[in-house]
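Me: I have a model to go through with you. Let us take it question by question.

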Amino acid sequence: MKIAITGKGGVGKTTLASLLAHIYAARGRSVLAIDADPSPNLGAALGFPPEQVARIVPIAEMEELIAERTESQPGSYGGWFKMNPYVSDIPDRFSVEQDGIKLLELGEVQKGGSGCICPPSVLLKNLVTHLLLRRQEVVIMDMYAGVEHLGRATASAVDAMLIVVEPGQRSTTTAARIRDLARDIGIQRLFVVGNKVRDEADRAFILENSAGLPVLGLLPATPRAVEADQRGESIYTAAPELAQAAEEIATALDELVAEALSV
Ligand SMILES: Nc1ncnc2c1ncn2[C@@H]1O[C@H](COP(=O)(O)OP(=O)(O)OP(=O)(O)O)[C@@H](O)[C@H]1O
Ligand SMILES: [Mg+2]
């Protein structure tokens with residue numbers, strides 16, 4: 001199963017990604033959690049030990065690896081390089097594992113000029129394609145507010161793209177923009193997940209402002225989300241009410257994938 005999570009900044013993408021990763025791991029599945037945010041923090045949300053998280057080097061910063069695989073000069077952005085670098089050993093070699101969850105950080109490609117086709121971006125693109133098309137685990141991608149890293153070749157491999165919204169116009173407007181970008185590259189199964197829901201009014205707001213997309217689930221607002229962050233605990237263990245609501249989302253996703261396979 002391949003799940004991509006997007007949405008406006010601060011809506012709770014990382015929170016949801018960390019919850020789903022723990023839930024599937026607890027169900028005995030192998031989970032590969034991909035932090036595709038340029039400023040990664042999924043490891044902390046997952047409750048990975050800070051020393052372990054601090055040691056992770058995002059793939060985009062591995063100059064030697066990028067140069068070796070793309071047959072380019074370390075740190076170079078121009079010249080000739082290989083467009084189909086070998087990447088299949090990267091997930092196992094460079095991820096860190098804890099509680100049955102493997103975590104891989106992609107990092108940020110420094111944009112050189114316009115339309116960056118440079119060795120780091122080519123390596124990442126090939127890596128993401130590999131993760132989505134070839135890996136057998138549950139792959140959960142915590143993304144930026146968009147569909148960066150995804151393209152037409154990978155769109156069909158995404159079983160579900162979850163757009164997280166909070167009860168407010170700004171996040172639902174962003175959701176509509178992401179919906180259009182996702183549809184442009186051919187992503188079929190798009191859903192909204194509402195987060196930080198305080199009451200019935202919030203719930204109604206999200207149901208009425210879901211950019212025309214089905215709402216897969218709603219997560220309650222809770223001080224425990226922030227407390228988990230302060231204490232460096234996993235949200236999954238620190239906020240049982242969030243874990244419970246996310247269980248329902250995980251089950252709905254399982255049903256969706258089973259349905260898609262049976263057609
Ligand atoms: N259900 C919730 N109730 C209360 N606070 C929440 C909830 N979900 C997330 N938060 C808080 O909102 C903030 C943003 O959450 P999170 O990091 O998951 O969002 P994000 O979309 O990944 O943000 P970014 O765009 O910066 O990556 C955090 O401080 C988090 O603790
Ligand atoms: Mg985040």
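Me: This is a predicted model. How are helix 1 and helix 12 oriented to each other: roughly parallel or roughly perpendicular?
Reply: The axes of helix 1 and helix 12 (residues 240-262) come within 9 Å. They cross at roughly 70°. Angles of 65 to 115 degrees count as perpendicular here, so helix 1 and helix 12 are roughly perpendicular.

Me: In what order do the strands of the open sheet run?
Reply: The sheet has 8 strands, and the pairing is mixed. On average, neighbouring strands are turned by 20° against each other, direction ignored. The order is 3-4-2-5-1-6-7-8.

Me: Which residue of strand 5 stands opposite Ala-4?
Reply: Strand 1 (residues 2-7) pairs with strand 5 (residues 138-142). The sense is parallel, over 4 bridges. Opposite Ala-4 stands Met-141.

Me: What angle does the direction of helix 6 make with that of strand 5?
Reply: Helix 1 packs on the sheet, and its direction makes about 165° with that of strand 5. Helix 6 packs on the sheet too, touching strand 1, strand 2, strand 4 and strand 5. For helix 6 the angle with strand 5 is about 140°.

Me: How do helix 4 and helix 6 lie: roughly perpendicular or roughly antiparallel?
Reply: The axes of helix 4 (residues 63-70) and helix 6 (residues 119-134) come within 9 Å. The crossing is at roughly 80°. Helix 4 and helix 6 are therefore roughly perpendicular.

Me: How many residues of the contact of helix 4 with helix 6 are nonpolar?
Reply: Leu-65, Ile-66, Arg-69 and Thr-70 in helix 4 meet Pro-119, Pro-120 and Leu-123 in helix 6. The contact holds 1 charged residue and 1 polar. The nonpolar count is 5.

Me: Which helix gives the most to the lining of the largest pocket?
Reply: The volume of the largest pocket is about 570 Å³. Among the 27 lining residues, the closest to its centre are Gly-12, Thr-14, Thr-15, Asp-229 and Ile-235. Helix 1 (13-26), helix 2 (42-46), strand 7 (190-197) and helix 10 (223-231) each supply at least two residues of the lining. The most, 4 residues, comes from helix 10.

Me: How many charged residues are in the lining of the largest pocket?
Reply: The lining has 12 nonpolar residues. Another 9 are polar. The charged ones number 6.

Conventions:
Residues numbered from 1 in each chain as written. Chains lettered and ligands numbered in written order. Predicted model: local features only at pLDDT ≥ 70, side-chain atom pairs only at ≥ 80, totals over all residues. Heavy atoms only, no water. 1 Å grid on protein atoms, 1.4 Å probe; cavity = no way out; pocket = protein on both sides within 12 Å on 5 of 7 lines; lining within 4 Å. Points joined across faces, edges and corners; volume = space filled by probe spheres on them. Nonpolar A, V, L, I, M, F, W, Y, C, P; charged D, E, K, R; others polar. Axes fitted to C-alpha atoms, helices over the stretch in contact; angles between N-to-C directions. Parallel < 35°, antiparallel > 145°, perpendicular 65-115°, else oblique. Contact = heavy atoms within 4.5 Å. Pairing = 2+ DSSP bridges.
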